[in-house]
Amino acid sequence: MRFQVYDLGLIEFRPAGEFQRQLVQKIKEGRAGHSLILCRHRPVITFGRSANRANILATSEELNAKGIELAETERGGDVTYHGPGQLTVYPVFDLNNIKKDIHLFLRNLEGRITSVLEILGIPAVRREGLTGAWVGKKKIASIGIAVKNWITYHGFALNVWEDDLRNFSLIRPCGMDIIMTSIESESKRLIPMTRIKDILIKEMYRWPR
Amino acid sequence: MAKIILPELGENITKATVSYWFFQPGEKVEEKADLVELTTDKATFNLPSPCTGVLSDVYFHEGDTVSVGEILGTIEES
C-alpha cells in the first residue's frame, strides 16, 4: 500500500491532533491520500470521551510537578500516557479505498506492530478481545483510533524506551491493571528510534489489501 | 422524516455505545455534519447527518448501547 509519510519529530499532543484533523479534511476533499504520521510526544496523559477520570491516579499537583499535561481526545479507549520514549504512529487511511471495516483495520494494525517486533526479535502477540500488542501478558503497544467519514486518525503508541514506563504508574492504562513493557526492556538494548521507524514504515507498506 | 441508523461497522462488530451527541433535539443540522459519536472496541466513529433538517427524536442517549441496524433518532427534513 502507498502512503505519504510525515515525521513530525518531538511534538506536543494537541498540534499533532490538529495536523491529523487537517489531513482528514484534505483526504475527504480529495486533496490528499493515505498518510502515515510518525512522532514522539512530550509527556501527556490523554483520555477519550468515554474515559473514566478515576483512572488517572495522580493528582493534578503531581502531574504539574512532573511536567505532564492532560489532554482530551476523540479517539476510542480509556486513559493512556504518551511520552518521548514512545514511537507514536497515526495512520490517516481512507477506508473508503481499502475496506470499510473498523474491526479489520484494528486487527491489521496489530498485525503490522507484531511484525515490526518480530523483526526486532521480540515475540509479540495479539490477544483476543484485548486490542494492542502484547509480550506475554505485558502490553508493548496501545491502540486507540477515531474514524470520520471512514477516514481513520489517531493510532498507536509503541513503547520503546524503558524509563518512560514508570509514568504509566500515574494511571490505570485503558482502565485496567496492565503491566507495560518496552522494546528496550524486552531486547535488553537500546535500538535507535530511526531504525524502528524505518522498519515500521516498511511493514506498514505491507498493509493487507 | 429521515432515520439515523447505525450502519455496518465491520465484521464482528454488532454493537456500539453512544458517546456524544453533537446536537440536541430541536437543533438544526446540516447534511453530512457530525451528528453523533459512537464507540466500539478501541475506536470512535462519527456518524454524519443523513440530511439537512431539525433533530427531532433521540432514542439512544450517551452511554446507551445500540445494535447495528437500529434507529438512533430521526431528523425532520427541511
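**Exercise 1. Find the residue in S5 of chain A that stands opposite Ile45(A).**

Step 1. Ile45(A) stands opposite Tyr81(A) in S5(A). Helices (H or I, at least four residues) and strands (E, at least two) are DSSP runs, numbered from the N terminus.

Step 2. Strand S3 (residues 44-47) of chain A pairs with S5(A) in the antiparallel sense, over four bridges. Two strands pair if DSSP finds at least two bridges between them.

Step 3. Three strands form an open, mixed sheet in the order S4-S3-S5 (chain A). Strand S4 (69-72) and strand S5 (79-82) of chain A are the edge strands, each pairing on one side only. On average, neighbouring strands of this sheet are turned by 25° against each other, direction ignored.

Step 4. Helix H1 (residues 13-28) of chain A lies across S3, S4 and S5 of chain A, at about 25° to S4(A). Axes are lines fitted to C-alpha atoms, for helices over the stretch in contact, and angles run from 0 to 180 degrees between N-to-C directions.

A note on the model: it is predicted, so local features need pLDDT of at least 70 and side-chain atom pairs count only at pLDDT 80 or more, while totals for chains, interfaces and linings use all residues. Residues are numbered from 1 along each chain as its sequence is written, and chains are lettered from A and ligands numbered from 1 in the order in which they are written.

**Exercise 2. Decide whether Glu110(A) is buried or exposed.**

Step 1. Locate the residue. Glu110(A) is found in helix H3 of chain A.

Step 2. Apply the cut-offs. A residue is buried if 20 or more other C-beta atoms lie within 10 Å of its own, exposed if 12 or fewer, and partly exposed in between; C-beta atoms are placed from the backbone. Glu110(A) has 22 C-beta neighbours inside 10 Å, so it counts as buried.

Step 3. List its contacts. Leaving aside neighbours within four places in sequence, Glu110(A) is in contact with Arg126(A) and Ala133(A). Contact means that the C-beta atoms, placed from the backbone, lie within 7 Å.

Step 4. Check the helix. The 18 residues of H3(A) should span 26 Å at 1.5 Å a residue, and the end C-alpha atoms are 26 Å apart, which agrees. The expected span is 1.5 Å times one less than the number of residues. Other buried residues of H3(A) include Phe105(A), Leu109(A) and Ile113(A). Just after H3(A), Gly121(A) takes a positive phi of about 85°.

**Exercise 3. Describe how chain A meets chain B.**

Step 1. Count the contacts. 20 residues of chain A touch 18 residues of chain B.

Step 2. Find the elements. Helix H3 (102-119) and strand S9 (138-148) of chain A each supply at least two residues of the side that touches chain B. S9(A) gives the most, with six residues.

Step 3. Look at the pairing. S9(A) and strand S5 (residues 43-48) of chain B pair in the parallel sense over four bridges. Ala146(A) has Thr44(B) as its bridge partner in S5(B).

**Exercise 4. Work out which strands of chain B pair with S8(B).**

Step 1. List the elements. Chain B has zero helices and eight strands.

Step 2. Take strand S1 (residues 2-5). Four bridges join S1(B), antiparallel, to strand S8 (residues 71-77) of chain B. Lys3(B) stands opposite Thr74(B).

Step 3. Take strand S6 (residues 53-58). Five bridges join S6(B) to S8(B), also antiparallel. Gly53(B) stands opposite Glu77(B).

Note on methods
Two residues are in contact if their C-beta atoms, placed from the backbone, lie within 7 Å.
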